[in-house]
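Welcome! Let us take a friendly look at how the parts of this chain meet.

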Amino acid sequence: MKITRVEAIPFAIPYRKPLKFASGEVHVAEHVLVRVTTDDGVVGVAEAPPRPFTYGETQVGIVAVIDTIFAGQVVGLDLMEREQIHTRLSRTIGNPTAKSALDMAIWDALGQSLGYSVTELLGGYTDRMHVSHMLGFDEPAAMVAEAERMRDTYGITTFKVKVGRHPYRLDTAVVRALREGLGDEVELYVDGNRGWSASESARAMAEMADLGLTFAEELCPADDVLGRRWLVQQLDVPFIADESVVTPAEVTREVLGGSATAISIKTARTGFTTSRRVHHLAEGLGVELVMGNQIDGQLGSLCSVAFGAAFELTSRRAGELSNFLDMTDDLLADPLEIHGGQLVARSGPGLGAVIDPDKLARYRQD
Ligand code: MUC
Ligand code: MG
């Protein structure tokens, strides 16, 4: 079970329609496939989605840091030496999605080697999650139509609505149209990607007070320290920290500082090893968890559901697992399917992901 090779392969697959939100927009999934090979011939895989507007990483940067720093730190180690791997990768600051993809590919190889699914190895709580779909910026009627299509085609009844535009009424009008169009049986929450100030956020939330929102996420920047604390303390729904909590220490700071009352776990940003730490921390702090979406492809979504299904706390709420539906294609030989509003984690071994070699040849950029 010794790691003999690490590969970072850039690939690009266009979106059918771009996802737009307050901090950026994504038209093409320019991700990096990470492959870890062992001396037994086992190959583990995961994908890193570069998000320069969130973490500062780029596709070429992810390939470079894996090739020039991380590969050399893990080649020669046994798959079981997970804390040794974690410590070595932690010597480099930042680069969260590069580290996470490598970490998850190693867990995939470990699961395959031991004959267990990653979900079983992590916690084995259940094998599936309810799905929440993320709705990017558009006109109210188009966003309602999109939500209706997701509900009618896939049985999805939880929606995260992107907000954070100016004036904020562009967004409150959308959320109102969604509630009126879809009725009380759907769950709605909002994510501002730091687009509003604390006071704009407070006004927008007051205007949506009758709409039965479940959560509010990153409406204003965590760096607006006192403003954000002021906002979070007046809301009557949990406030999710997402891009402000890249590390467990940031989770602790935001929660104890009164600037967050729930946490988004993204396996794309904390892999399996650090996501487990964040899960345990949130359990200890007594805050709710949501499995978030880093605009992941199918492999990334498979990683999210594999982790989310492993624990009671992460599988309680719908996870954001469906934005791969907006891509024109993917690398998996056996595509993910959402039925009855649920996505099932594969029974393994490992992640149960098989990369289609023809698709990889078509989309790889190197
Ligand atoms: C999200 O939950 O914020 C958009 C930006 C990002 O970092 O992740 C996505 C989704
Ligand atoms: Mg978010």
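A salt bridge is a side-chain nitrogen of Lys or Arg within 4 Å of a carboxyl oxygen of Asp or Glu. Aspartate 329 and arginine 362 form such a pair, with 3.5 Å between their closest N and O atoms. Please keep in mind that the model is predicted.

Where do these two residues sit in the wider picture? The domain assignment of the chain gives domain 1, made of 3–115 + 355–363, and domain 2, made of 120–344. To their contact, domain 1 brings 41 residues and domain 2 brings 44 residues. The C-alpha centres of the two domains are 23 Å apart.

| Item between domain 1 and domain 2 | Value |
|---|---|
| Buried area | about 3,700 Å² |
| Share of that area from carbon and sulfur atoms | 62% |
| Salt bridges | four |
| Residue pairs in polar contact | 24 |

Now for the side of domain 1 that touches domain 2. The elements that give two or more residues to this side are the strands β1 (3–21), β2 (24–38) and β3 (43–48), together with the helices α2 (82–90), α3 (96–114) and α14 (357–363). Its residues divide into 23 nonpolar, seven polar and eleven charged.

Notes: Residues are numbered from 1 along each chain as its sequence is written. Chains are lettered from A and ligands numbered from 1 in the order in which they are written. This is a predicted model: local features need pLDDT of at least 70, side-chain atom pairs count only at pLDDT 80 or more; totals for chains, interfaces and linings use all residues. Side-chain values use heavy atoms; hydrogens and water are left out. Domain bounds come from an automatic or database domain assignment. Contact means heavy atoms within 4.5 Å. Buried area is the accessible area (1.4 Å probe) that two parts lose on being put together, summed over both. A polar contact is a pair of N or O atoms within 3.5 Å; within protein, one must be able to donate a hydrogen and the other to accept it, and residues adjacent in sequence count only if both atoms are side-chain atoms. Helices (H or I, at least four residues) and strands (E, at least two) are DSSP runs, numbered from the N terminus. Ala, Val, Leu, Ile, Met, Phe, Trp, Tyr, Cys and Pro count as nonpolar, Asp, Glu, Lys and Arg as charged, and the others, Gly among them, as polar.
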